Amino acid sequence: MTSQLNLKNNSPVLMNLSEEEQFQKVCAFLEKDIIEALKLANSTLRSKKYFQDLLGRGLEVADASEIEVWLKYLVPRLGMRYVINVLEGKLIEQPQKVNKAMYWLPKFLNRTNEREMNLFKNLENKILELTVNHVTV
Amino acid sequence: MSNQKSRTASGVYNFVTQEGVVFIRGANAKVGSSLIGHVDLAMGRDVDYAGRLYFSGRTNRGILRKWTNESGHYRPPAIARENAGLPESLIQSGRFKSLISLGM
C-alpha cells in the first residue's frame with residue numbers, strides 16, 4: 001500500500017495554507033509518521049514558535065530512541081542554546097526526559113562553538129549534582 | 001513469513017546482540033507511527049550489546065563501514081564492545097560519551 005505521507009506530494013499542497021494550518025497538518029502527520037512529519041515541518045514552517053511547540057511535544061512523547069529523531073530535525077531550527085535552556089528548565093520536574101535527550105545531544109553539538117559546549121557542560125554538571133544529592137539524601 | 005526477501009544491506013540499521021545472535025532492523029523502520037528502537041528489537045529483554053550498523057550504499061552495498069554503541073535504551077559502554085560479536089576494528093564510539101567523561 002502506498003503511504004499517503006509523502007513529502008513530495010504534501011509539501012506543495014501545504015504551501016497554500018496559512019502557517020498555523022500547516023502546523024496543524026504537521027501535528028496530524030506526527031500521529032502517523034514522525035520522520036516525514038518533522039521533514040515536512042522543516043520544509044514548510046518558518047516561525048520559531050512552532051518548532052518550540054514541537055520540541056515540547058517530542059520531549060513529552062518520545063522514548064529513549066525516538067528523541068534522537070526529534071533532536072535531529074529540531075536542533076538546527078531552534079539552535080543548541082535554546083534546546084539546552086529548555087532541558088535545563090525541565091531538569092527538576094522531568095529529569096528522566098532530560099536524561100533521554102542528553103544522551104543524544106552531543107551528536108548535534110558544534111564542538112567548535114565554545115559557548116555551546118560550555119552550556120552543555122554546565123547542564124551535565126547540574127545533572128551530576130542532582131544525581132549525587134539524590135543519592136546522598 | 002512467506003513473503004520474506006533477501007536484500008543486500010545498505011544504510012543504517014539498529015542492532016542488538018543476544019546470546020551470540022545479532023538481530024538487525026533498519027534504523028527508520030516503524031511499527032505504526034513509532035520507530036522500532038533497540039528495546040523493541042530485543043523484545044524488551046536484556047542484550048549483550050546494542051548499537052548501530054552503517055553499511056555502504058549505492059555502489060558498494062552490503063559492506064559494513066562501521067558500527068557504533070548508539071542506543072538510547074541500553075547505552076552500552078564501548079569497553080564492552082567484544083559482546084557485540086562484530087569486528088572490533090570497525091567500531092566508532094565516543095560521540096555518545098558525556099563531555100565530563102571525555103575530560104572536556
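Where in chain B is the place of Val47(B)? Read on to the first view for the answer. This is a predicted model, in which local features need pLDDT of at least 70 and side-chain atom pairs count only at pLDDT 80 or more, while totals for chains, interfaces and linings use all residues. Residues are numbered from 1 along each chain as its sequence is written, and chains are lettered from A and ligands numbered from 1 in the order in which they are written.

**View 1. Val47(B) sits in the loop between helix 1 (38–41) and strand 5 of chain B.** Helices (H or I, at least four residues) and strands (E, at least two) are DSSP runs, numbered from the N terminus. Val47(B) counts as buried because it has 22 other C-beta atoms within 10 Å; the cut-off for buried is 20 or more, with 12 or fewer for exposed, partly exposed in between, and C-beta atoms placed from the backbone. Leaving out residues up to four places away in sequence, Val47(B) touches Val16(B), Thr17(B), Gln18(B), Ala42(B) and Tyr74(B). Here, a contact means that the C-beta atoms, placed from the backbone, lie within 7 Å. Ala84(B) is 37 residues from Val47(B) in sequence, yet their C-alpha atoms are 9.3 Å apart in space.

**View 2. Four strands of chain B make an open, antiparallel sheet in the order 2-1-5-6.** Strands of a sheet pair through backbone hydrogen bonds, either parallel or antiparallel. Two strands count as paired if DSSP finds at least two bridges between them. At the edges are strand 2 and strand 6 (64–68), each pairing on one side only. From one strand to the next, the twist averages 30°, with axes taken as lines fitted to C-alpha atoms (for helices, over the stretch in contact) and angles running from 0 to 180 degrees between N-to-C directions.

**View 3. Helix 5 (residues 67–78) and helix 7 (residues 95–104) of chain A cross at roughly 65°, their axes coming within 9 Å.** Ile67(A), Glu68(A) and Leu71(A) of helix 5 make the contact with Lys100(A), Ala101(A) and Trp104(A) of helix 7.

**View 4. Helix 6 (residues 80–90) of chain A has Met80(A), Val83(A), Ile84(A) and Leu87(A) as its buried residues.** Looking down the axis of helix 6, these buried residues fall within an arc of 100°, so they line one face of the helix. The arc is that of the directions from the helix axis to the C-beta atoms.

**View 5. Where the chains meet, 22 residues of chain A are in contact with 13 residues of chain B.** Helix 8 (114–136) of chain A gives the largest share of chain A's side, 5 residues.

Key: Contact = placed C-beta atoms within 7 Å.
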